[in-house]
Amino acid sequence: MKELKIGMVGMDTSHSRIFASLLNQVSHALHVPGGRLVCGYAGGSADFELSASRVEGISRELQENCGVELLASITEVAERSDAVLLTSVDGRVHREQFAVLAPYGKPVFIDKPFAVTSADALAIAELAASYGTPLFSSSMVRFGGPLNAALEDETEGSIVGADCSGPLEFQPTQPGLFWYGIHTAEMLYAALGEGCISVRAISNETQEWAAGLWKDGRIGTMRGNRTGGADFYAVLHRERGSTAVNALGGQYEAGHQNLLKAFLLTAGGAPPPVSPRVTLELIRFIEAANESRETGQTVFL
């Protein structure tokens, strides 16, 4: 099978480093065969400290350690790749960057957050549909092995609710819960799927909490620990019992490995592992939670 030439847009996140090593370093214990990161556009957002402070170092590392050729534009990346990882850490720029990639019709993965407004998320989805560009977005937490094993184990019946938690920090350029809350929201949607109709949030200096009501009566919650540990947990409530699981089981890079495998399958013509409809609702869920934490009122999606 032909090895896919993969391009990257945005080298300002640790995910860029992890993806490059998993794809290009054959000796890596979690090496993902079938694709090679061949080129990329460094990007970077001057007004986002976590981007501006990292882009030079990470792009140089990918060039020197992984053999990735640095290019001067997104257009060049699109032209020289079979598929593209859009990993810019700043969710505000994804719409503009994807607009350059979409006309090429090549498969694209957009790293979290897909977008930081519903308007941008919808525009990205519409661009993908209009050009027939295969697209998906997800947090790597959704691909955690322990989480997926627990989701697939139906011995206690179907899932009737879920409570998910994880670390949460804020960044001024990424509105409210979008920066790190998206990981926990991804777990919640992996468990319950689409169908949320309303969200109510509570916020203080140590905790963030949002409860969603699904149209079939199921309730799902996400808790952000602003002062707690770094692990992601899900409690899955089923018809005959509840199961608590550490989503990644301490295997951080394994989540990235599983995500990359899913991306290569999508690039090969398989359906995306996360549908655009689910991603659009997930973005609206976080947006509604942000609205609720400001107003104290229930917000309808």
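The questions and answers below concern a predicted model.

Student: How do helices α6 and α10 run relative to each other, roughly parallel or roughly antiparallel?
Tutor: Helix α6 covers residues 118-131 and helix α10 covers residues 276-295. Their axes lie 9 Å apart and form an angle of about 170 degrees. Angles over 145 degrees count as roughly antiparallel, so α6 and α10 are roughly antiparallel.

Student: Which residues of α10 does α6 meet, and how many of the residues in the contact are nonpolar?
Tutor: From α6 come Ser118, Ala121, Leu122 and Ala125, and they meet Leu280, Ile283, Arg284 and Glu287 in α10. Sorted by kind, the residues of this contact include two charged and one polar. The nonpolar ones number five.

Student: How far apart in space are serine 118 and isoleucine 283, C-alpha to C-alpha?
Tutor: Serine 118 lies in helix α6. Leaving aside neighbours within four places in sequence, serine 118 is in contact with Ile283, Arg284 and Glu287. In sequence, serine 118 and isoleucine 283 are 165 residues apart. In space, their C-alpha atoms are separated by 6.1 Å.

Student: Is helix α5 roughly parallel or roughly antiparallel to α6?
Tutor: Helix α5 (residues 94-101) packs against α6 with an angle of about 5 degrees and with the axes 9 Å apart. Angles under 35 degrees count as roughly parallel. Therefore α5 and α6 are roughly parallel.

Student: Which residues of α5 meet α6?
Tutor: On the α6 side, the contact involves Ala119, Asp120, Ala123, Ile124, Leu127 and Ala128. The residues of the contact divide into seven nonpolar, one polar and two charged. Those from α5 are His94, Arg95, Phe98 and Ala99.

Student: Which two residues are joined by a cis peptide bond?
Tutor: Most peptide bonds are trans. Here a cis bond has an omega of about -10 degrees. The joined residues are lysine 112 and proline 113.

Student: Why are glutamate 56 and arginine 60 separated by about one helical turn, and what is the N to O distance of their salt bridge?
Tutor: Both residues belong to helix α3 (residues 55-66), and because they are four residues apart there, about one helical turn separates them. The whole structure has 14 salt bridges. In the one between glutamate 56 and arginine 60, the N to O distance is 3.7 Å.

Notes. Residues are numbered from 1 along each chain as its sequence is written. This is a predicted model: local features need pLDDT of at least 70, side-chain atom pairs count only at pLDDT 80 or more; totals for chains, interfaces and linings use all residues. Side-chain values use heavy atoms; hydrogens and water are left out. Axes are lines fitted to C-alpha atoms, for helices over the stretch in contact, and angles run from 0 to 180 degrees between N-to-C directions. Helices (H or I, at least four residues) and strands (E, at least two) are DSSP runs, numbered from the N terminus. Angles under 35 degrees count as roughly parallel, over 145 as roughly antiparallel, 65 to 115 as roughly perpendicular and the rest as oblique. Contact means heavy atoms within 4.5 Å. Ala, Val, Leu, Ile, Met, Phe, Trp, Tyr, Cys and Pro count as nonpolar, Asp, Glu, Lys and Arg as charged, and the others, Gly among them, as polar. A salt bridge is a side-chain nitrogen of Lys or Arg within 4 Å of a carboxyl oxygen of Asp or Glu.
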